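Me: I am new to reading protein models, and I would like to go through one feature by feature. Could you take me along?

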Amino acid sequence: MKKLLLFFLMFFMLGTSYLLAQTAVTGTVTDENGDGIPGANIIIKGTRTGSVTDFDGNYSLNASSGDVLVYSYVGYSTQAVTVGSQAEVNVQLMLDIASLDEIVVTGYGTQRRKEVTSAVTHIDEDDFNKGLNSSPMGLLQGKVAGLTISKPGSDPNDGYVIRLRGISTIGANAEPLVVIDGVAGGSLDAIDPNDIETIDVIKDGAAAAIYGTRGSSGVILITTKSGNPGDTRVDYSFSGSVDQVSRQINVMTADEYKALPGAVNMGGDTDWLDLVTDNGYTQVHNLAISGGSQSTTYRAAINYRSQEGVGINTGNDRINANLNLTQKALNDKMKFTLNLSNTNLERNFGFKQAFRYATVANPTMPIYDPSSPYGGYTERTIFDFFNPLSIAEQNINEGNDNIFLGSLRAEFDLSSIVEGLEGNVSYTKQITDVERGAYYKKTARFRGSDRNGLAVTDNQQYTFSLFEGSLGYSTNIEETNLSLLAGYSYQEFYNEGYHAEGGDFLTDAFTYHNLGAALDFANGLGNVYSWANSEKLIAGFGRVNVNYDDTYMFNLDMRYEGSSKFGGNNKWALFYGAGAAVNLSTLIDNDAIDNLKFRVSYGKTGNTPGSSYLSLQKFGPAGSFYYNGSYVSSYGPTSNANPDLAWEKATHTNVGVDFAVMDSRLYGAVDYFIRNTKDQLLYVDVPVPPNLVSQTMVNIGETENSGLEAAINFSAVDNGSFTWTTGINYASASSEVVSLSDEDFSFGGGLLYRASMGSPGQSAVSLIRVKEGEPMGQLWGPVQQGVKSDGTPDFADLNGDGTYCDCDDDRQVIGNGLPDFTLGWTNTITAGNWDISMFWNGEFGHDLISTYRGFYENTEPTTVGNWNVVKTKYYDPNIKKAAVNSSHVEDATYFELNNLTVGYSIPTSGSVRNLRVYLSAQRPFVFTGYEGVDPVARYGDQFDGSQGGEMGGFDPLAPGIERRNTYYRARTLTLGLNVTF
């Protein structure tokens, strides 16, 4: 199938090339006074092919009718012109005030940059991260001040943890809302990164309020590519990448281990880390065809990605196809836009436990044992250990995702009724099918042998339908531009799924595809259940934009929204935002200032819980019992009713300044924000009776985030043949738990201990403290001040009673898992046909608890007898007791070269419009003192289990822990080709 697809892509590309031809286009580029501009750049959009004007502003280049020519010069606004049938294209560039006429996508519309009163960041294709990016979020990583996109390790199947301006909530969804071509809640997996034109990030509540319910954590608006009128254009790109392990935890060699007292010498010399890893190879093919006429435009694309991870038997194959079709009618008074996208993703998840047990496996243990009942693999029947190679090779853990996203939008020019009136209606459907299957062989000690083979399947379907319509009106009243918007939104969700697992099979041949053959359903070990839920969101929304003489701007957004998730007394709420700005550069007579805009905004947004029916009294399965020779299911209450359950509410205040000087060569923005989130959605303990269950979801608690953001860009050199631009973005954010209680309820009594260290031997140890009135992210534990004569750590007596007790009185805050600030640094250089981009990013001031060190960096007899010993620069052979403490907390500050790309555009002629080759290195090296697998901040915790158990759920209140199931970090080298016909 893969070879057939690649053959089709190449054949189609070559077969269409002879149909396309180029002609000479000439013209003159002038300034606002009509004088020719020497050294202006003309580039065919999406390529590196172009020309430079001569001393009189004249130029000439070869282009096709469907090409879009982009004209640019330092200090002037960029213009784009479609060639069409023109042989001569003359362009007049106007003075650019820091790209103030740049179009920025906002909620349900667009604005010119000069009119924006809120904190909105616009990123276009030229600014995206280069190299191998399998997710749209990879394009943005480190690019937007205040937007943190984190993925520890290099698992090709892991998603990103996304946080905007700190931790916005502890009880509801903490990730920003994603809007794809106007579709709120669109799946990131529905689109390929190569099909994205621009990404806009709404950071403050004033602009996000128009999305009401889901705007508290920010909004990410993605605009995909569409076709342009003119000749057919064919774009093809190919890249091949190799991943290599770049970081892992250091452990003892076989010789070092054998020298330890109590070492168990099993006669071998095995590099377990090498056995479970390999180079990961990836190939990416993208083919897009676009074009059309003045009334019809289209763009169709197909994308194929085959990605292997550095962990053996991990990776995925992805095929994505999409179509964007636009048709105008009734003398351009109507426009219909159809967007269709479908992604199929075959996943091989493998097992992160293979990394965990490879790290701590006895290095003298042989890989195989011919007499072993565990498939010939050597196993030790000790607690919390399994042969890591057996885990990876004997078992199956795979899945298939299919995401369909389709939308139809109709736009109407109603100016014949009322001048400046327009309207639109749209309908969207998204269907996501998720299939998961795992099988543990009869001979696999890891989860399989105890059940004589174990099969597990999970299947879910998530669907939503979205209908929206709006009317817009725009008019000019002397020097004032007024824009009004009113709309209606109806979104309905339906989700369903089932789970089945069973064991005791006669054969492994059917893996998880024949659960009916499992024999342990008869004894009650087998398990089957199904579920379904639904939700409705209904809203009316509106906006008012006022622009007086491009000097004073005002914006007001409102959304009145209802959700079926809430109690009968609080299903509806009003969300709003207001912003104002003044362009001081029009009031200050100073030629050195090109732009100086002061803005302030305030907004109120909401958040909903992750599940439906939480306000209702529910009953469900409560286990089974053996009665009269068979197992009988029982039912009981599962939740308490709360008719007063209401929206989580956040208020946002933002103050910002936009500036540009030096003929707009130096420009940027600075923002300060405060966000308060109240009435958080949390479970609290309640008495039974009168309640039927011991916990109820209520609105309780308050958190506060505040911080400073800055983005500064500088066009250092631009002389036509050589350009260099550089930019820095900085963000700091602090998150505080203001309250966890009110007059009626208390969440944990205002003091919580979370994130168990786990087994072996430390399950009762909590690593995180959450306390009212103090910062989030507190790492909690005893302070080691030395080593006692018996090898146990000497912990400080913090309460001053003369002795250390293993209790909270002698524990303290020993670190914080959240960064003090983040930094991104971009450099882009062009020299003739060469282009270089270099991006650095880092997180500073955060700590990580290394659980590997807390468990295994000691010579306790139990450690040495069962596992290998971790040996970092902190290793002390005198420590003979495993006890996590302050010495296992490390400063994880890092600064890394995230991406370095060097490209060369090969001169072309004839039907080839653009031909570029490039070499890219991603995460080639990192500067850090951290000794663990990956120094990136953890914005929550997922417990890693023990004895082969499943990992726990994600806890946003427990940042700063590196668990043992962390996938190893890799560096990526990519060689790519882009060609346009």
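Me: Let's start with a pair of facing residues. Which residue in S4 does threonine 23 stand opposite?

Reply: Threonine 23 faces alanine 63 in S4. A word on the source: this is a predicted model, where local features need pLDDT of at least 70 and side-chain atom pairs count only at pLDDT 80 or more, while totals for chains, interfaces and linings use all residues. Residues are numbered from 1 along each chain as its sequence is written, and side-chain values use heavy atoms, with hydrogens and water left out.

Me: What counts as a strand, and when do two of them pair?

Reply: Strands (E, at least two residues) and helices (H or I, at least four) are DSSP runs, numbered from the N terminus. Two strands pair if DSSP finds at least two bridges between them. Here, strand S1 (residues 23–30) pairs with S4 in the antiparallel sense, over six bridges.

Me: In what order do the strands of that sheet come?

Reply: The order is S4-S1-S7, in an open sheet of three strands with mixed pairing. Its edge strands, S4 (58–63) and S7 (91–92), each pair on one side only.

Me: How many bridges join S37 and S45?

Reply: Eleven bridges join S37 and strand S45 (residues 821–831), in the antiparallel sense. Within this pairing, tyrosine 730 stands opposite leucine 823 in S45. On to the next strand: S45 and S46 (residues 834–844) also pair in the antiparallel sense, over eleven bridges, and leucine 823 stands opposite glycine 842 in S46. S45 and S46 form a hairpin with two residues between them, and glycine 832 in the turn has a positive phi of about 65 degrees.

Me: Let's stay with tyrosine 730. Which residues does tyrosine 730 touch?

Reply: Contact means heavy atoms within 4.5 Å. Not counting residues up to four places away in sequence, tyrosine 730 touches Ala145, Leu708, Glu709, Ala710, Phe821, Thr822 and Leu823. Tyrosine 730 lies in strand S37 (residues 722–739). From tyrosine 730 to tryptophan 825 there are 95 residues in sequence, and 9.0 Å in space, C-alpha to C-alpha.

Me: How do I read aromatic pairs?

Reply: Rings of Phe, Tyr and Trp (its six-membered ring) pair if their centres lie within 6.5 Å; planes under 30 degrees apart count as stacked, over 60 as edge-to-face and the rest as tilted. This structure holds 31 aromatic pairs. The rings of tyrosine 108 and phenylalanine 541 have centres 4.1 Å apart and planes at 20 degrees, so they are stacked. Tyrosine 108 is in the loop between strand S8 (103–106) and strand S9 (109–112), and phenylalanine 541 is in strand S26 (residues 527–548), so this pair ties together parts 433 residues apart in sequence. The rings of phenylalanine 855 and tyrosine 856 have centres 5.7 Å apart and planes at 40 degrees, so that pair is tilted. Both phenylalanine 855 and tyrosine 856 are buried. Tyrosine 730 returns here too: one aromatic cluster is formed by Tyr730, Phe821, Trp840, Phe844, Phe895, Phe925 and Phe927.

Me: What is a nonpolar core?

Reply: In soluble globular proteins, nonpolar side chains tend to be buried together. A nonpolar core is a set of buried Ala, Val, Leu, Ile, Met, Phe, Trp, Tyr and Cys residues joined through side-chain atoms within 4.5 Å. The largest one here has 65 residues, of which Phe747, Leu767 and Ile768 touch the most other members. Helix H6 (residues 353–360) gives the largest share, five residues. A second, separate core of 19 residues includes Ile123, Leu139, Val178 and Ile191.

Me: Last one: which cysteines does a disulfide join?

Reply: A disulfide is a pair of cysteine sulfur atoms within 2.5 Å. The structure holds one, joining cysteine 805 to cysteine 807 with S to S 1.9 Å. Cysteine 805 is partly exposed at 23%, and cysteine 807 is partly exposed at 25%.

Notes:
Buried means under 20% relative accessible area, exposed over 50%, partly exposed in between (1.4 Å probe, protein chains only).
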